[in-house]
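Dear colleague,

Please find below the structure that I am handing over to you. My notes on what was found in it follow directly after.

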Amino acid sequence: EMCCDLKRRFLLLYATQKGQAKAIAEEIWQQAGAHGLEADMHCMSEMDKYELETEKAPVVIVISTTGTGDPPDTARKFVKKIQDRTLPPDHFAHLQYGLLGLGDSEYTFFCNGGKTVDRRLQELGAQHFYNTGLADDCVGLELVVDPWIDGLWLALKEAFLLQKEKEDMSSAVSSSLSAAPPIVHELNLSSQVENLKIEDEGVRCSDVLSQKLDDICLAAPAIDTEPSLVHSVPPVSQSALNVPALPSEYIEVQFQDTHGENPHPSSLISEGSTFEVPVTKAVQLTREDAIKTALLLELDVADIIFDYQPGDAFCIMCPNSASEVEELLRVLGLSEKGEYFVSVKVKQGTKKKGAAYPQHIPQRSTLKFILTWCLEIRAIPKKAFLRALVECTSDAGEKRRLQELCSRQGASDYTRFIRDSNVCLLDLLHAFPSCKPSLNLLIEHLPKLQARSYSVSSSNLYQPGKLCFVFNIVEFPVCPTRQVSRKGVCTGWLAELVAPLLHPIKNTVDTKGGSFSTQKITIFARPNNTFHLPADPSVPLMMVGPGTGIAPFIGFLQHREKLREEHPDWQFGETWLFFGCRHQDRDYLDELRCFLENGTLTHLKVCFSRDSPTSEVAPPKYVQDVIRLPVEKNTLLCITLLFFFSLRDKKHMADGVSDAVVDIFSMETEGDKLEAMKILAMLREANRYLQDVWS
């Protein structure tokens, strides 16, 4: 029996950046028990708790992608270890695994974190017992994640079966079995889900394995024929629902007193040294009537050790909106408790696997501090959170709709009305007023409030002791799922913080004659290992930066201008800049003309997507259209270039620029698009085609 139990164990590893891979791994762990299996779950960074070199059980890996196709931070040591080129090709010949990668197809290196691990394990002799899944956050991770998990259980049982047969049969038979392709069968899902029985007096969960439609008693919709966040239509409204298992609660929260001090927010950061720096300058780069408002902020970093290169990024710690925190406290009925200190503990006897104290919650702080600095209250609620909210909802109709939104049958409604609409917890609580979640659920299901990353748009050589960055103020307008308009968490906070610098008024003058009470923000470094100027200044540069994607190139050009001043004997390659914005009179940056006039910039090509054409032949609207112009094509083909592409707002445009480059190369290869794509891939591999794309 002991031997049999061991055979049912599998190793479950996850590597996460923002919590999605961990949540999916926890779902797998939770479902495993229902299938008579035991998942030994660990974060990939906990390398002292597992040993792949001696692992005999099947291994399931869930891994996300971050940055420009990098594995998440929690996978760095693991990836570095398996990338060791001295390892023999049969190093993992004993290993059988299945891998689920998470990514976003709107970025160039889709699921590259998972692909990197998958490819290297294959090179080291590991075998798939289950096909690799690549889930796309662009269309909804669940479209791949759910069926991948469905098929995992039978694949695992097949793997256990093959393992047992290997041990029982001769080596010849065992080797033939190990070469067999993975077997994927349809899976009876009934043991994984809870089926809902809807009754007149309310909604309750049932463990019944299957349920017919005529067992469900539903109130027919009155007039509405279109679904919404709070309303469903057939077939969803008349379907038996498959919902996720109810997540086990694992946090206990107790209110204490109101005495004491909160920790400094910088104590929440574990990524390295943080610095509190003053904002010394704020400039609005766009006109008041521009569609988007772009700001440039200057930070004083002269008194700290903060080395950076043009092209680097850095992170800003930002709080949640004070008004949203107050509103959340009001809706939760906790307005009087905001200044109370709270004690957070792991609940004794919880059934949650690996339940641990959330490291982003201080040991002692007030409720308002936790909601302001620790939890991402704007996060789009995951289906597991919706499932937990069902139990906190008293109205039968609201309860049913929340069940639909987290069910398999309501997947498209979830995507449309929650995910794509950027719905947050506050929106849900307004839409479903009978939902009254406890504080522990918020701590369990809301992710850590992340610092926001921005590209440096200055050069320390050009402006010693200064660091500049550019951003658009993100706007979320009122819509059917959102009662009030909102600004981005960080961009809205920064705009409010520097408003006295942008719009000075008399009552801001202090007694010392100053015009602005200096505001400080907390930052920490996030170096970029590749998106830098080449060491050889004679290499020609082609830079493409629509909108605020221009930001890092301002730093490049400032740096190049200073180098030209200090080293007149050096040979500098040509510099091309393709810049696009909506309107020439509202969005254009005059600083670019200065770089052109002093020779730092050799060629400046601009386009304005929303301006009406003044000539018979319409000018190109977008940067990818300018690149396709005949003279630019010749430039791209003739020079030995380093190609930079930077984008801040529309991830789709990254593909547009890449497609334009491929089209130009394919013309030179007599229409062979595959050959052109190989050329582009070669440039990427050689770090001569570099992208810096942010959402």
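Several elements each supply at least two residues of the lining of the second largest pocket: helix H7 (322–331), helix H8 (367–374), helix H12 (425–431), strand S19 (486–487) and helix H14 (489–497). Helices (H or I, at least four residues) and strands (E, at least two) are DSSP runs, numbered from the N terminus. With six residues, H7 gives the most to this lining. The lining of the second largest pocket comprises 38 residues, and those nearest its centre are Ser-321, Ser-323, Glu-324, Arg-378 and Arg-486. A pocket here is an open set of points on a 1 Å grid over the protein atoms alone, where a 1.4 Å probe fits, with protein on both sides within 12 Å along at least five of seven lines; lining residues have an atom within 4 Å of a point. The volume of the second largest pocket is about 810 Å³, where volume denotes the space filled by probe spheres set on the points, which are joined across faces, edges and corners.

Provenance and confidence

This is a predicted model, in which local features need pLDDT of at least 70 and side-chain atom pairs count only at pLDDT 80 or more, while totals for chains, interfaces and linings use all residues. Residues are numbered from 1 along each chain as its sequence is written, and side-chain values use heavy atoms, with hydrogens and water left out.

The mean pLDDT of the chain (the predictor's confidence in each residue, from 0 to 100) is 82, and 79% of the residues reach 70 or more. Two segments call for caution. Over residues 173–223, pLDDT stays under 50, and the model has 85 contacts beyond four places in sequence for them; a contact means heavy atoms within 4.5 Å. Over residues 506–515, pLDDT likewise stays under 50, with five such contacts beyond four places in sequence. Where pLDDT is low, the predicted coordinates should not be read in detail.

Overall organisation

The chain has 22 helices and 25 strands. Of its 695 residues, 50% count as buried, where buried means under 20% relative accessible area, exposed over 50%, and partly exposed in between (1.4 Å probe, protein chains only). Among the contacts with a separation of 6 or more, 78% are between residues 24 or more positions apart.

Strand S13 and its partners

Strand S13 (residues 313–316) is antiparallel to S16, to which four bridges join it. S13 also pairs with strand S20 (residues 520–526) in the antiparallel sense, again over four bridges. Two strands are taken to pair if DSSP finds at least two bridges between them. From S13, Ala-313 and Cys-315 point one way and Phe-314 and Ile-316 the other, and all are buried. In a regular strand the side chains alternate between the two faces of the sheet.

Ile-316 stands opposite Ile-523 in S20, whereas the bridge partner of Cys-315 is Ser-453 in S16. Ser-453 lies in S16 (residues 452–455) and counts as buried because its relative accessibility is 18%. The side chains of Ser-453 and Arg-526 are joined by a polar contact of 2.6 Å. A polar contact is a pair of N or O atoms within 3.5 Å; within protein, one must be able to donate a hydrogen and the other to accept it, and residues adjacent in sequence count only if both atoms are side-chain atoms.

A three-stranded sheet

Three strands form an open, antiparallel sheet in the order S10-S14-S15. Its edge strands are S10 (251–255) and S15 (365–366), each of which pairs on one side only. Two bridges join S14 (residues 341–346) to S15, and in S15 the bridge partner of Val-342 is Ser-365.

Helix H10

Helix H10 (residues 396–405) is largely enclosed by the rest of the structure, because eight of its 10 residues are buried. Among these buried residues are Glu-398, Lys-399, Arg-400, Arg-401 and Glu-404. Asp-395 caps the N-terminal end of H10, with a side-chain oxygen 3.0 Å from the backbone nitrogen of Gly-397.

Backbone details

The peptide bond from Pro-234 to Pro-235 is cis, with omega near 5°; Pro-235 is in the loop between S8 (202–206) and S9 (242–243). Cys-111, a residue other than glycine, has a positive phi near 55°. Cys-111 is in the loop between S4 (96–103) and H4 (112–123) and, at 1% relative accessibility, counts as buried. Asn-422 also has a positive phi, of about 55°; it is in the loop between H11 (411–419) and H12 and counts as partly exposed at 36% relative accessibility.

Yours sincerely
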